[in-house]
Structure formats: C-alpha cells, structure tokens
2 protein chains.
Amino acid sequence: MEVPLTPLDFLERARRLFPARVGVVEGDRRFTYADFAARAHRLAHALRGHLAVAPGDRVAWLCGNTHELLEAYYGVLLAGGVLVPLNIRLAPAELRHCLADCGATVLVRHPDQPDVAPHRAREVLLGDAYEDLLAAQPAEPAEPPPVEEGATAEIFYTSGTTGSPRGVMLTHRGLYLHAVHSALTGGLTGDDVILHTIPLFHVNGWGTPHYVTALGGVHVMLPRFDAAEVLRLVEAERVTRLFVVPTMMRSILDEPALAGRDVSSLRQVSIGGAPPGPELLAEVEDRLGCTCISGYGLTESGPTLTRSLDKPGEPPSRARRATTGLPIVGVDVRVLGDDDAEVPWDGRTPGEICARSNHVMAGYWEAPEATAEALRGGWLRTGDIAVVDADGYLRIVDRKKDLIISGGENVSSVEVEHCLAAHPAVVEVAVVGAPHERWGEVPRAWVAVRPGTHATEDELIGWVRDRLAHFKAPREVRFLDELPKGGTGKILKADLRERA
Amino acid sequence: MEVPLTPLDFLERARRLFPARVGVVEGDRRFTYADFAARAHRLAHALRGHLAVAPGDRVAWLCGNTHELLEAYYGVLLAGGVLVPLNIRLAPAELRHCLADCGATVLVRHPDQPDVAPHRAREVLLGDAYEDLLAAQPAEPAEPPPVEEGATAEIFYTSGTTGSPRGVMLTHRGLYLHAVHSALTGGLTGDDVILHTIPLFHVNGWGTPHYVTALGGVHVMLPRFDAAEVLRLVEAERVTRLFVVPTMMRSILDEPALAGRDVSSLRQVSIGGAPPGPELLAEVEDRLGCTCISGYGLTESGPTLTRSLDKPGEPPSRARRATTGLPIVGVDVRVLGDDDAEVPWDGRTPGEICARSNHVMAGYWEAPEATAEALRGGWLRTGDIAVVDADGYLRIVDRKKDLIISGGENVSSVEVEHCLAAHPAVVEVAVVGAPHERWGEVPRAWVAVRPGTHATEDELIGWVRDRLAHFKAPREVRFLDELPKGGTGKILKADLRERA
C-alpha cells in the first residue's frame, strides 16, 4: 500500500494520540497538541476561505520564533498552500524581492516587523486581527486537499552571499523523511523538550517543527534570541536539547546568569551553522555537563547532512564530536575530488562535500539553470571543502570560495580560525584571504576581543605561528567590536573580504 | 531530489560507517559489518552468476535464525531478487506449495531441514557447498540493478489458519519505512544488542534485520529457540532487547537457569504474536528488571502496527503497557465498526482493527481477489477485534473468527484466557467456542498445567466465575500436556476448535 509521505501526518498523530500533552510553550502561554492542531486547522480554513488560497499558492510569513509560525508549518500545508517563512533579518528590498519572486498571495506579518509594501500579497497582521480571523473559522478539522508527496511544501530563501536570494523548494516527501531520519539518528524521543533558539524561518528549523511534533515532545518558543532568556527557559521548562550556532553558544557561556541557573535537564547541545572549534565544544561539555556535537547541513539539503555522533560500540570521543561528523540515516554524503571520485579517507585530501538524499531540495524556485548547476551529476554540490578521516568523519576545512591559496599552499581558514578562537582573549574570529603581490593571497584575521581582555596583533600572529605552519599565520589582524553577521548569526565573510 | 527508498541503504551505511563494528554474532563466530556486507555482496554475485537469478526472480530460503539468512535479507536484494524466507515449521507438502506458488528459481536450504523435492528451484545447501560458492565470487561489492521503490523485495507466506499459505508481498519502500518508523517509535539506537528469538522467516523478523543494521547495532543469532540458551546469550552478549511471543516468555521465566544469570543488560522485552496477559507482563518486569511492552502486527502489515509504549510526559503505566498499544509513527490505525466509522474511544465498543500505511503489503502474490478483499476500501482489514480506551490505547478482544457468541452475549476469548492464565497452575491456555444447543456457543478452555502443580476442571471454572461475568466462564476445561502451536509459537485455535 502506498500512502503519500507528508509532514501533515505528524500533527495528525499528535492530535489523535497526545491531545492533552502540552506541546507548545511561549512565555506564559501553553498549548496542548489539541490546541496546536485546532489552531493549525483554523488557519487552514481561513487561508482557503477568507484568504482565497488555492492548492500550490505560496503563503509567506514574516515573524520571529513564535507559536504562530510553528502552527503555520502545518496550517499552510493543511490548506494545500506552500509555506514561505521569510528571514526577518533581510532588508525590506530583499523581502520584496522574495515576495515577488515566489508570487506569494498571502503575507502574514508580525507587527514588530517592518511593513515591506508595496507587494501584491494579501496581508494579515498577527495579533488581534489574526486571532479574530481564526476565531471566525469552523471548529471542525480542515480536510487537506490530496497530497502529492513530490510536491513542494516549503520554500526557504537562502541568504546567499552573492546575488539575490533564491527560493529552495522542499517537498512533502523530503520534509517527512528528513524528520524521521534526523530524529532516529539523533535518538530523539517524546520526552525531549526543544528550545527553538534557531529561527524557524531558516533551514526548515533543522527539522524540529516536524519531528518534535511526531514524537509528542515539547516545543519551547523563543521569539528573539537572548542568552539570559535561554538560560531562564532551560531551567523553567527543563529543556533537554539546544540547537545553536557558535556565536549563540559563546554568548550563553559568557552570560553571567549561567552560574545561577540549573541546566541539569540538558542532554545535548548541537552546534551548527559553522563548525564549532574543539575548545568551544569542550567548554560546553565541561560547563553545561551535557554532550555537545556538531551538525552540518544547508538550506538546499533540508538541512541536516551530518552529525558528529559517537560510533556505536566505541568509546565516546571528544575529538570525533568536534568534527563535522558522519552522514545521518537516509543521506549519502561523499567528499568528491575534481574528477568526481571519492577522496581517500586519509584526513588530508580535500574535496567538495556532495550529497544524494531525499532531503535534498527539488530545486530553486523558477531557476532551472541554477538548479541544474547545484545538482550537477545527481549530487548536491555544497561548495564546502572537507577532508575525511580514516573512520569516515568529515572535517570541513573551508567553503570553496573561502579557501585561501597562499604561495601555492592551501590554507584552511577554518583551521586558522579554530587556532585563534582558542586564544583566551578572542571571542569572535574570521579569517579571509587578502590580496598579496608576492604570495597571491595571505590570511587576514578579523577578531573581536572579549570585553575586559586585551590582545595585540603581534601577540595573535605569534599565537598562530607557535601552533600552525608559518604560512598559515595571518599577516594582519584587524579588530572589530563585533563581526558582521547575517541569517542565523553566521559571520559574513564576504563582507569582510571586501573591506580594505 | 528523489532517491528510491530501499533497505539496501541500511547495509551500505553500516558497511561505510561501521566496518569494524562486530554486527553479527552466532555462537563463537563474530562478523563485523565489513564481513557481513562482504558476504552479502558475494551472495549477490553468486545469485546473479552461477545461479542465474534475473531481476525480480524469487529466491527461497529454508533455515532457522542463522547469520546466512540475515545476509540473505541484503544479498538477495543486491542481486535484484525477491527474498522468500520459508517457515521451517511447515510440512514438506506446504513448502512445495510455497515454492511452486511463487515460482522460486533458487532454494537455499540448511542441511538440518528436510529435502522438500520435487521442486523446480536450483538448490544450494548451506555449509561447505555454500561457503565454496561464496569464496569463488569477486571481492568487489556487487552493484545492484536499479531499484524501483514500489517493487516487491520480500515475500512471506502466511501460516493462515484456513486454506493454503498465501504470499505477502512487501516492497522496498514499505520495508524501508517500517524499519525507520519502528526504530524511531521504539527508541532504538546503535548501542542496542538484539537477540533474534523471533524467526527471521516470519513477519519480516519484526523489522530487526533492517533497523538494527541501519543503526549499527548488534544482531545475536539464535538458530533454534531454547530458553536456557537465550539466558546464556543475554548474559554473554549483554543483550538489550528481546522480542518474544508469550509462550517463549513463559519458558524463559520458568527456566531454572534464570536465577543464576545476569540479565541486567536488558532494557526492554517486547511481547508479540498474541496479547500478553497483564500477569505475564508484571512478572517479566518484576523478575527481569526491565520494561515489558506488547507489540502487535500482521505479516500483511509489514508487520508492526502498535506498541504499548507509555505516553510522553505522562507517568509510566503498567496498565497501559499491558494493552495492545498505540499506533507507531507512520501508521494510521483505526478500529472501525460495521459501517466503517471509527468506534468511540470508550473502552467497550468493539470494531475491527484496520490500518493504512506504507508498511502494508502491496498484496498477496498472484491473488488479486484475496488482495482486494484484504485491502477493501483502502484499509487493511486485520480480522482482529479491539476496543479503544479514552487515551487511544487499543485492546484486542478477539480475532473476528474467535469471537464467542453465547446466548447473544459477546465473550472475548482473550479476556477469559487472561483470567485463566493468572491461575498459578496454568501454563498455557486457549479458549474457543463450542457448539451448544441452548446458547449457540459456550466457552471451552484448553489448558496445560505447570509441571508439578495440579488443577481440576471445577476449580478453574470457579476461578473464572469468581472474577468475570458467569456467562464468560468456560463450561468445560480440557487438559493437554502442551497446546498445539504453529509459526512463531502461536497457539492453533483452529485446531482446538475442531477437536471434539
């Protein structure tokens, strides 16, 4: 028997089996799975009726990590629509581009977000107007139109460092399988309590909107990231898992309130968005008393490709947890050399991380050429450069475009960054290539120093020279109060590269 | 990107990521995942070459729970063939029927199994002949022919109580999804060690051949069930999970060696095949010191439909664990009344358990009418009668054909059996309907008494009358040394019903 794979089944399961379970917490508000489902179904009714959404229409959302966006992950699909969560960090002109590009017919906007008019979408403001609209809908569950599992269910615009943002199409099938594979590989259960530190408008919320629901776990919403609030919620809601990017983790560890908080409920911290340095990983484990792993993926891969889990039957290894990790179930990840052959697992031969998986996007919205290029030869080409060790663990050494070639030697900017990040005064660091007459390029470091500490350029260059090959040491170190960031807090290297 | 779903990915994952992990143990032999995969690939080469298997050809196996059968779960599919594991408890005439019905071109047989000739399959005997054949194959991995996920991968003949056994067709897609859904719902990890007490020639081995491999767990083979050997292996291999039928569990608990064995590694015992009584469940938990749950499914459903797990966020409940359980992820289970409407969740309105899921069979081999009847209206009709309690837990009250109707009252034979099973002298029990002039039918109990104990007919009838409505008490109790069993040890009620 073939039944279409769709994430809609996850909410339906929770609605039927766990109706009384408090599944969503936001501030003082607590929603059971019955409440969550009822609100999603009312949204579906409103979209199909009042807002005239036809199957396949795009419905855009512009808000932080609120329970309404979580509900939209299901309500929009129940209406037969395609969810387009927009990145609140984009500029109004970029948002207008996204809305026009996908031809959204509806925009649901939080009043704390700027008006991005003019656009052609019908707009609904969260708050009273939205609540009145839901309240006016029938209480009966909405019957979704028939699902084709290969149809697009979500579109995420990538923050791409060059050119206009492109819409990544993720299908019902891809989202469904990503959820079960991620949860299975990660050992998630219905007892897990997830704090949504990572924006749900980014990379499919790392799959959490789907698999936490399927298992009957708890979603704790965090409309805006704030380290003190994270720690308060971990204690108050007994959060078991945190998903963060390195800059978030750094600010949590540097938050003075940490010392007074009970974080004993934490089982695992998963760091993604950029490779965590081994020092950061060790500090998390030592200070929070839980396992820390890294996760790696792209919007285009739905997103998770690898997680740095220990191997079954082998002793836990912090060195392995500090790598980019092993492919999760359901993903074939290969590091391919220039001839598209897999590189040897020798820990030193770099190649491009490529992936084949049902999680990989169907393509970029209305961009067949860019799609063909990204999926050339049946592999998603990530643009990330990695080596593979003898045990199969990947280690990202660079973005293809971030690789620094200095005097014919490849310099991994990530390696130099990890080295500098281990210096006690360094709180943020990015290493980019700077043009150089003799060597072609040389490494240039951009550094933010921890408040109350001090470091000189010479001291930091010497720090690297003591630890790495001399050609890897930056020729210059530039200091900023804070490094420029986009999206989920990823440092904008392209921006730094362009600075003189 | 769409990639065909196939269980072949599971072995490939283990081969790539966990090559050095000892994945299969049989007696003194230990196979790493590299060994396991190498043997499966050699089998594929042999099937395609020497044994002339073409894509879609059926390859039958006749052996107990040996590592070779586990390897065949992958090797036959790698060759493009369809695996047909035959039930070693069938009579030669029945086995010949199965071989002829599916048109197997190859039969691999263990020398301890009877020769079932004449048949048209090419036969290979396990042992030296088989090992020589593998040794003669290339060492390179076999490249499987392209997989269509909707194609049949395995056929299991059901032991059906009436008529000839029918072949249940399970697809690549169904087997893949069953594995990830079962493992996710059950919380399996790569650290789990599974003892194969349940025959792999039955109901897809409950999915264990696939998901244990995907996660890099350990398969411990048990060629023939023996309670003392089970206990020895639990201690020696630090087994974490046991899957058993009630009669197996009873014999393990009654095994004198239990007292001297360290079974502290056990995390969970899962009882299927027939609903465990609450007394058995309690005894397992108290004496083995681990959680006991029930699992329910059919060959036709791939098999798992429900597991009696606790609900997330609610206190553990032995009463719930003694039910038939909740649907697992990926399965829509409904108890439907005569009008195909879901029965109320009131704990007392019976209906037929029906299921929609990708795990459900594609159909019966070359039996379109039987298929249409089993899948009528888009639901698998299980023939099992259940009630649903207010929390959604199913409780099987009977097989449709086992329901006893006495004086217009429905008598659940399962309820009466559980009542009798709680009597200290009763070791096996089955209750069936016996024709009766006045009442139409009356309950008749068949009982085996624990060695060294004693019980009379009057005493057992009185035991039930003290605990249940009088019309539910058996009118007769007949004693046997052992009740007749087929398949995985399920008691053959049809056989008892026909005895005078």
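Chain B can be laid on chain A by a turn of 180 degrees and a shift of 0.0 Å along the axis, with an RMSD of 0.1 Å. The two copies are thus related as by a two-fold rotation axis. The same surface serves both: 100% of the contact residues of chain B recur in chain A. This is a predicted model.

**Where the chains meet**

- The contact joins 33 residues of chain B to 33 residues of chain A.
- By class, the side of chain B that touches chain A holds 15 nonpolar, eleven polar and seven charged residues.
- Which residue of chain B comes closest to the rotation axis? B:Leu184 does, with its C-alpha at 2.6 Å.

**Helix H6 against helix H7 in chain A**

- Two packed helices are described by the angle between their axes and the distance between the axes.
- In chain A, the axes of helix H6 (residues 172-186) and helix H7 (residues 208-215) come within 9 Å. They cross at roughly 65 degrees.
- The crossing of H6(A) and H7(A) is right-handed.
- H6(A) makes the contact through A:Leu175, A:Ala179, A:Val180, A:Ser182 and A:Ala183.
- H7(A) makes the contact through A:His210, A:Tyr211, A:Ala214 and A:Leu215.
- The residues of this contact of H6(A) with H7(A) divide into seven nonpolar, two polar and no charged.

**Two domains in chain A**

- The domain assignment of chain A gives domain 1 (8-388) and domain 2 (403-498).
- The centres of domain 1 and domain 2 of chain A, taken over C-alpha atoms, are separated by 30 Å.
- How many residues of each domain are in contact? In chain A, 21 residues of domain 1 are in contact with 15 residues of domain 2.
- Helix H9 (246-253) and helix H10 (278-288) of chain A each supply at least two residues of the side of domain 1 that touches domain 2.
- That side of domain 1 of chain A has ten nonpolar, eight polar and three charged residues.

Terms used
Residues numbered from 1 in each chain as written. Chains lettered and ligands numbered in written order. Predicted model: local features only at pLDDT ≥ 70, side-chain atom pairs only at ≥ 80, totals over all residues. Contact = placed C-beta atoms within 7 Å. Nonpolar A, V, L, I, M, F, W, Y, C, P; charged D, E, K, R; others polar. Least-squares fit on C-alpha atoms with pLDDT ≥ 70 in both. Axes fitted to C-alpha atoms, helices over the stretch in contact; angles between N-to-C directions. Helix = DSSP H or I, 4+ residues; strand = E, 2+ residues; numbered from the N terminus. Left-handed = near helix turned anticlockwise from the far one by under 90°. Domains from an automatic or database assignment.
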